[in-house]
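Please take a look at the predicted model below.

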Amino acid sequence: MAEPDVADFTPLTAGAEKQELSRPSLSYWQDAWIRLKANRRALTSLYIVIALLLFTVLGPWLWQVDPGLQDLDQISQPPGTDRRAVIVEDYQPWYGESGLTDVNGLHLARPATTQAVRLKWDVLPGASGHRVYRNLFPIGPELAFGVPLAEIYDNDTLYFEDRLDLRPGIYYYSVVALDPDGQIIDSFETIEVQVQRVTTREEAVQRGLIASDSELGIGDRILLDLHPLGTDYLGRDMLARLMAGARVSLFIGIGAPLLFVLFGMAYGSMAGFLGGRVDSAMMRFADFVVALPFLLFMILFKIAFGIGPGESGVFPMLVALVLLMWPATARLVRGQILQFREQGYIAASRLLGARTVYLVLRHMIPNTLGVVLVTLTFAIPSAIFTEAFLSFIGMGVAPPTPSWGSMSNEGIKTMLTHPHELVFPALFISVTVLAFNLLGDGLRDALDARMRNQE
Amino acid sequence: MWLYILKRLVQGVITVWFIATATFFAMHNVPGDPLLNDRAVTESIRANLEAKYGLDQPLARQYLIYLGNLARGDFGISFTQENREVNDIIRHHFPVSAILGVLAVVFAAVGGVLWGALTSLYRNRLPDYVIMFLVILGISVPSFVIAALSQLALVNLNSLVGHTVLPVAGWGTLSHMLVPALVLGLGTMAYLTRLMRSSMLEVIGSDYVRTAKAKGLPATRIFARHQLRNAILPVITVLGPAIAAITTGGFVVELVFAIPGLGRFFVEAVQQLDYTVIMGTTVFYGAFLVFMVIVVDVLYGIVDPRVRLE
């Protein structure tokens, strides 16, 4: 700027050039929003969070499958399973008769279906009895026959009917010869059996797969219920359960932080504004609560509140989270309030006659909102983690209420054979936590200049 | 400094008293009856049992007895495993959890500092991206998934090599501890890496580092003496809460890897409503954590001479 001269101190005329703002004035929140929009990672996370909320709220409305309904035809099915089934006659008992007469050795008396697999065989050399095995894999040189299904100690009964938990797919049946003592001798036969999925007409009508006046009869193909993400170990639809679980997980994950942040704000601003001995007493109490071992007390409070029969246990968990997690926000807000209290605009407002409540509500709390919003965003993933963690060790929501944590707990038991039961809930937890964390980073960069990340 | 430590210790004792009180009243509110089990209990047996556990006394008196016992370090007798003292359970199973926790903290701290320093040195280059991607995974994947997957990986590794390189589950030797400790420390390691990275970036841009460079100090000396030592301070601050998170977070890892730690006993005790074990374990853990936080705070004052312990 040039040195001021006399001309600078003469009054302006009406036609003089006015000072103009070259850019529109932006409020704090508008400015923050522009900065957030420029952050591609945070924006993507925001979209993911919105999508998750839509999935939770609109999902059950679009995909109206009861998450508790068991589809016993499709248990632990991965997504994209073949859903075709053939209608067959009702089950009739079988006493070993066979339509085929010219076949020797181990054979099927009838095409294998999920209703029954009927095996017939001839007496094996040296056998005084037989044992029937079923295996999911071909019999290798180590002669692992699989699950023994039946033992027959004479050579008169040369047939066996398997109705045990049959699933569509390939099974390997073996018949092994037994000596008079019931010990295996080195003589066996194996066949590979392709089991076809069938259902009876009555069952199909009962499950609502076909109408009761439908033309379809024996031998016709029908489609079983669709499960886009497969089913769990009780035949419940994964997609519907993930949606119902999202309600529980996000309700706890968002509801609890919202409540304890509000409480922490009230507590912290009160302590900060009252100051003095009240402040130190209040903050000392907050320090005590921080010192409580978090997970132990989560569990302790949860059992102290108790879960009655038929209750889901969502509410006790919410209360326990709120009781234990408020001090961090309270400390933060108190620190901010202490800072603001000494600032000029507060003194000015007080001079104009503003009362304490007005000062706190109008000037101080709105000024802390940015920091509080960031805290809230980071509190959500940790609450979701806590819920998942507790449900995983069986201390969370009570079955049959689904939550992502309890679904992971169930899925981990069948991780090797049916990985989808673990993968989907774990994926939802991870994506949600990740999205909220990245969004929190973005919000912190956008809202809080001092805490801005060095990227 | 000694005065500071004394003051912190007195505060710590008051905190432990608060924890004990909260535990006592929380447990007192638990619905259910600890003496109600399958066996038929007559009136007189019940009265005897109540007298044994002091349950026939008024609540205020029970509380005083409980505090008195605590002061003498006596946590009482287990409700479900008769003739077993809670002290006994803690003595047997806490060392397991402690070793696991200490190993995990060491993994987390050393790993976090190293990776964090590395990412800041290779800022916006390939190592930075790779490590930060892993960090994001570590933060957002739940520990039970990582535990299960690492177990699966161990099974495959062992069957590939043909003999047991590292055991899949159980407890006993150092080889049992490595993988569970790593899994337990992973979340904290990821968190510390992030913290270390941003703190390191701040230090790299600071005046004293520029001065050191201008004086012609070798890069390794600047890194070790000027950057690392200053950048490590925020990491030490959060180490106290991190230790707390790791020791109590051990439940899942102990469950998945079948480790006989105190966390597993706590979960079992809760399922069986074993009052004395629950209260004893909680108070014990609480006291341990309070003590650890004090130790970390004192250490902080020693590492950073700028911090006055008052």
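## Salt bridge and polar contacts

One salt bridge is counted between chain A and chain B. The term means a side-chain nitrogen of Lys or Arg within 4 Å of a carboxyl oxygen of Asp or Glu. Its partners are Asp441(A) and Arg194(B), at 3.1 Å from N to O. Two residue pairs, both at pLDDT 80 or more, are in polar contact between chain A and chain B. A polar contact is a pair of N or O atoms within 3.5 Å, one able to donate a hydrogen and the other to accept it; residues adjacent in sequence count only if both atoms are side-chain atoms.

## The contact between the chains

Chain A brings 37 residues to the contact and chain B brings 46 residues (heavy atoms within 4.5 Å). About 3500 Å² is buried between chain A and chain B, and carbon and sulfur atoms give 79% of that area. Buried area is the accessible area (1.4 Å probe) lost on putting two parts together, summed over both.

## A sheet in chain A

Chain A has an open sheet of four strands, ordered β5-β4-β7-β8, with antiparallel pairing. Strands are DSSP runs (E, at least two residues), and two of them pair if DSSP finds at least two bridges between them. The edge strands are β5 (147–152) and β8 (184–195) of chain A.

Strand β4 (residues 129–135) of chain A is joined to β5(A) by five bridges. His130(A) lies opposite Ile152(A) in β5(A).

## About the model

The model is predicted: local features need pLDDT of at least 70, side-chain atom pairs need 80 or more, and totals for chains, interfaces and linings use all residues. Residues are numbered from 1 along each chain as written, chains are lettered from A and ligands numbered from 1 in written order, and side-chain values use heavy atoms, without hydrogens and water.
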